[in-house]
Amino acid sequence: MSNKQNVLIIGAGLCGSLLALRMGQRGYNVTVYEMRPDLRKVDISAGRSINLAFSDRGIKAMNLVGIKDKVMPLCIPMNGRMLHDIEGNTTLAPYSGRDHEYINSISRGGLNALLLDEAEKHDNVKIHFNKKCKAVDFVKTTATFKDYDTKTQFIEDADIIIGTDGAGSALRKSYYLERKFLFSFSQDYLTHGYKELSILPGENGSFKTYKNALHIWGREAFMLIALPNLDGSFTVTLFLSFDEGEYNFNNLTTKERVLEFFTKYFKDALDLMPNLVDDYFENPTAPLGTVKCSPWHYKGNTLLMGDAAHAIVPFYGQGMNASFEDVVEFDKVLDQGFDDWETIFKVYEKNRKKDTDAIADLAIDNFYEMKGHVNHPNFREKRTLEMAFEKTFPDEYSSKYSLVTFNEDIGYREAMLRGRAQDKAILNMLADGEVSTALDLTDKAVLKTILEKVKTKTENILEDNRIAGLKS
């Protein structure tokens, strides 16, 4: 196929701007339409700018387009979870026993702006803002847009249209409403929503609490998390039920009640947040949902990518990384030299969907882990063993978290299946007294014996699952 073909991308968020950059590098004529204003020229409205956990799968994508060196200065390394108990005591739980494995906190706006700048360096890439997609005719490969500046509508056509327009995708909506082919779609919400808050910087841009960690106040039914920013602030997010429990978003409606709630459950955080009440009532409360659908494409005309195809909840820190990995995987299919878009789209979806389904399920698992399980003794024992395995035998063991987050050459589904089997093996062995953290884990021989038992049990579980035909 000629690289001079016209590619229309709907949405200039993280996935769309990376895709535009990569397709521009490959020589395609790329036009991007974004409904929001240019975030490089206006302030992002507070409360929807959740900063992001950037890890190896995302870094792989930055390497693909050659801008890793420009992205890493935007990052703050987070080596583990800083767990805050209700008395305010803290415990740092490393993400990995290997010192070189950590995740990064990065500003959504800062990264998006960089990707837009890099894409626009290519003469064959044009990005337009304040243009909302109203409908897509996926049979004719055209899209109708409303120009917010002129209040007029216009139609754009292209050789292919790719929808990277997020969880509320106009392209996906057209698939669903037009009913011209069999399209499966699910949208599942958690009972919890989220509200963004903040810890402001200390004097001279200092950090008021430990900088290099993702802070978690897990309280079983709800939780608070905080990620560091370059200016010394922390983006804080409250995850809470809309209508269940003594405290929920529906009944936290007065200053007094909000302060009562934070004083009872997050006292050490409240001490760092004199701006809490203002943030709480000024910033919106938003839902948390998972989107799955299929097929992602219509013939060789249109394709869904990123959150438009597979929106997930944020609890594995993989939403952005998964969308960036979409571009990497799509690029691999382009390298295979197929001569029609329909084959490219089919092969891409066949390769990719099993992994995006897996990370969606893992993200929900991690929701329960973060708000509650991290405080349970058996979970902490499991993590103690895993940290010892990774530290002492770094080439022989990776926890589920490490497989997902730091092993970018392993697909999400493979990471999920192996990781869940390992978790089951260790937790069963701890419960049955077959292994114990009371043993001397600094003794390499003792630890090796435990590791071999875990490996054997893990393989047995995986084999049982294969025989039973289990998908997870």
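A salt bridge is a side-chain nitrogen of Lys or Arg within 4 Å of a carboxyl oxygen of Asp or Glu. The model described here is predicted, so local features need pLDDT of at least 70 and side-chain atom pairs count only at pLDDT 80 or more, while totals for chains, interfaces and linings use all residues. Residues are numbered from 1 along each chain as its sequence is written, and side-chain values use heavy atoms, with hydrogens and water left out.

**Salt bridges**

Side chains of opposite charge can pair when their charged atoms come close. Under the rule given above, the count is 36 salt bridges. Three of them are set out in the table.

| Asp-38 | Arg-40 | 2.9 Å |

A residue is called buried under 20% relative accessible area, exposed over 50% and partly exposed in between (1.4 Å probe, protein chains only). Asp-38 has a relative accessible area of 9% and is therefore buried.

Helices (H or I, at least four residues) and strands (E, at least two) are DSSP runs, numbered from the N terminus. Asp-423 is buried, because its relative accessible area is 10%. Lys-382 is buried as well, at 4% relative accessibility.

Elsewhere, salt bridges that share partners join Arg-57, Lys-60, Glu-325, Asp-326 and Arg-352 into one network.

Strand 15 covers residues 223-228, and six of its six residues are buried, so the strand is largely enclosed by the rest of the structure. Met-223, Ile-225 and Leu-227 point one way from strand 15, whereas Leu-224, Ala-226 and Pro-228 point the other way.

Two strands pair if DSSP finds at least two bridges between them. Strand 14 (residues 214-218) is joined to strand 15 by four bridges, and the two run antiparallel. Within this pairing, His-215 is found opposite Ala-226 of strand 15. The hairpin of strand 14 and strand 15 has four residues between the strands, and Glu-220 takes a positive phi near 65 degrees there.

Strand 15 also pairs with strand 16 (residues 234-241), in the antiparallel sense and over six bridges. Here Leu-224 is opposite Leu-238 of strand 16. Five residues lie between the strands in the hairpin of strand 15 and strand 16, where Gly-232 has a positive phi near 95 degrees.

Phe-234 is a residue of strand 16. Phe-234 is buried, because its relative accessible area is 1%. Its C-alpha atom is separated by 11 Å from that of Ser-206, which is 28 residues away along the chain.

Three strands form an open sheet in the order 9-10-11, with antiparallel pairing. Strand 9 (131-137) and strand 11 (153-157) are the edge strands, each pairing on one side only. The twist averages 30 degrees from one strand to the next. Between strand 9 and strand 10 (residues 142-147) there are six bridges, again in the antiparallel sense. The bridge partner of Cys-133 in strand 10 is Phe-145.

**Two packed helices**

Two packed helices are described by the angle between their axes and the distance between the axes. Axes are lines fitted to C-alpha atoms, for helices over the stretch in contact, and angles run from 0 to 180 degrees between N-to-C directions. The axes of helix 1 (residues 14-25) and helix 4 (residues 108-120) come within 8 Å and cross at roughly 25 degrees. Angles under 35 degrees count as roughly parallel, over 145 as roughly antiparallel, 65 to 115 as roughly perpendicular and the rest as oblique. Helix 1 and helix 4 are therefore roughly parallel to each other.

Contact means heavy atoms within 4.5 Å. Helix 1 makes the contact with Leu-14, Ser-17, Leu-18, Ala-20 and Leu-21, and the residues on the helix 4 side include Arg-108, Leu-111, Asn-112 and Leu-115.
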